[in-house]
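Here are a few friendly notes to read alongside the model. Each point takes up one topic, and the conventions are spelled out as they come up.

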Amino acid sequence: MLFNPRPKTSRADLFGRDRELNLLHENVDSPIIIIAGIRRIGKTSLLNVFLNEVGIPSVVLDLRGLKSNYGFRDFYSILAKGLSNSLNKLIDVLRGISSIRIVGVEVELKWRGRDAISVPTLFDYLNRRRVIVAFDEAQRLRGPRSLEILDAIAHAYDYDKNITFIFMGSEVGLLYSFLGLDNPKSPLYGRYTFRLTLDRFPRDLAMEFLKRGFKEAGVNVPMDIIEDAVDVFDGIPGWLTLFGNEYVRGNKDIGRIKEEAIRIALEELRSIVSERGRRYVIALRGVAEGANTWGRLKAYIEEREGGVISSSVLHNIVKSLEDLSIVKDYKFLDPIYEEAAKLL
Ligand SMILES: Nc1ncnc2c1ncn2[C@@H]1O[C@H](COP(=O)(O)OP(=O)(O)OP(=O)(O)O)[C@@H](O)[C@H]1O
Ligand SMILES: [Mg+2]
């Protein structure tokens, strides 16, 4: 079902991404694949469908919950979960690793002490067969441990030819700065990667998405509602799915659905700015209220704060908002985030 709010797992439910899926199939032998795109654009759905089709065992590491100063305990617990989820497909390889214990349907592994296994060693073992290792929200790996993890990946790039790594992220600038492909100090500097950027649907395709979803659900919807929905939610599949799902379940008030979406976006924005401080709140509100140049945003913040803000501080704020894929060229990438920012 197109309006099922969970990430999709089959091509039949994945609308309008045949080109992207085919590109992944063509490039599956690249050592590193990067899938970038703003929140709700369908990265996880694309990955799920691809992995289901490609017939190569995979380990998916869901890094969304990783805290910013994570340690090996946090990383290994995500690693163990990823391996456990793939246990049935990788059982022969995992059984052959003496430092890994399989307890029922779960994998246990240690990062320290007797029987510890390092990340590069784990990759060397996985390399005994063709395997894909995917990192979802990989930019969360930034932090004190990032160098060790990048070193392990660089090692695998050089020696473990059977492993394809997939890195995905919704904070696109942070994802690329974590990988450091252009940074001579990064272990991955200059490595070959295949890069795929997921874009929103253009207007006609967004309307087609809604029409097809409503048809599938057997609900008749007037054309002007579909037009309105695309005005509000743009071509962002996650919002269109939320809208379609709500409407089909009987909530036919587009204004209320929009409010619900804004509430979700507001929570997300709050958690992002809470780590970064008050000036980010003001800057986001400024951009949302139309401060669409350097000078206007500077003036906006200075008026609110009653003081001068230095160019370097303002530069950092603008760059961070771009790296987080919230703002580009003083404009919000997601119209719902723009509305939410006014309520910050
Ligand atoms: N091409 C698509 N066809 C149908 N539904 C889609 C498509 N892309 C995304 N969706 C739906 O949109 C929502 C968001 O998708 P998904 O979780 O895959 O995106 P994401 O980019 O991984 O988001 P996030 O950045 O929040 O992790 C889900 O409800 C999913 O079912
Ligand atoms: Mg995702």
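1. Let me start with a crossing: helices H12 and H14 cross in a right-handed way. A crossing is called right-handed if the near helix is turned clockwise from the far one by less than a right angle, and left-handed if it is turned anticlockwise. The helices themselves are DSSP runs (H or I, at least four residues; strands are E, at least two), numbered from the N terminus.

2. Before going further, a word on the basis: this is a predicted model, where local features need pLDDT of at least 70, side-chain atom pairs count only at pLDDT 80 or more, and totals for chains, interfaces and linings use all residues. Residues are numbered from 1 along each chain as its sequence is written, chains are lettered from A and ligands numbered from 1 in the order in which they are written, and side-chain values use heavy atoms, with hydrogens and water left out.

3. Back to that first pair. H12 covers residues 278-288 and H14 covers residues 311-323; their axes come within 11 Å and cross at roughly 70°. That makes H12 roughly perpendicular to H14. Axes here are lines fitted to C-alpha atoms, for helices over the stretch in contact, and angles run from 0 to 180 degrees between N-to-C directions. As for the wording, under 35 degrees counts as roughly parallel, over 145 as roughly antiparallel, 65 to 115 as roughly perpendicular and the rest as oblique.

4. Which residues do the touching? On the H12 side they are Arg 279, Tyr 280, Ala 283 and Leu 284, and on the H14 side Val 313, Asn 316, Ile 317, Ser 320 and Leu 321. Contact means heavy atoms within 4.5 Å. Sorted by class, the contact of H12 with H14 holds six nonpolar, two polar and one charged residues. For the classes, Ala, Val, Leu, Ile, Met, Phe, Trp, Tyr, Cys and Pro count as nonpolar, Asp, Glu, Lys and Arg as charged, and the others, Gly among them, as polar.

5. Helices H9 (residues 223-233) and H10 (residues 237-248) pack at an angle of about 140°, with their axes 10 Å apart. That makes H9 oblique to H10. Their crossing is right-handed. H9 brings Ile 225, Ala 229, Val 230 and Phe 233 to the contact, and H10 brings Trp 239, Leu 240, Phe 243 and Tyr 247. The contact of H9 with H10 has eight nonpolar residues, no polar and no charged ones.

6. Glu 246 also sits in H10. At a relative accessible area of 16%, Glu 246 is buried (buried means under 20%, exposed over 50%, partly exposed in between, with a 1.4 Å probe and protein chains only). Leaving out residues up to four places away in sequence, Glu 246 touches Asn 251 and Ile 257.

7. The axes of H3 and H5 (residues 119-126) come within 13 Å and cross at roughly 15°. H3 and H5 are therefore roughly parallel to each other, and their crossing is left-handed. Phe 75, Tyr 76, Leu 79 and Leu 83 of H3 meet Val 119, Leu 122 and Leu 126 of H5. By class, this contact of H3 with H5 has seven nonpolar residues, no polar and no charged.

8. Ser 77 belongs to H3, which spans residues 72-85. With 41% relative accessibility, Ser 77 is partly exposed.
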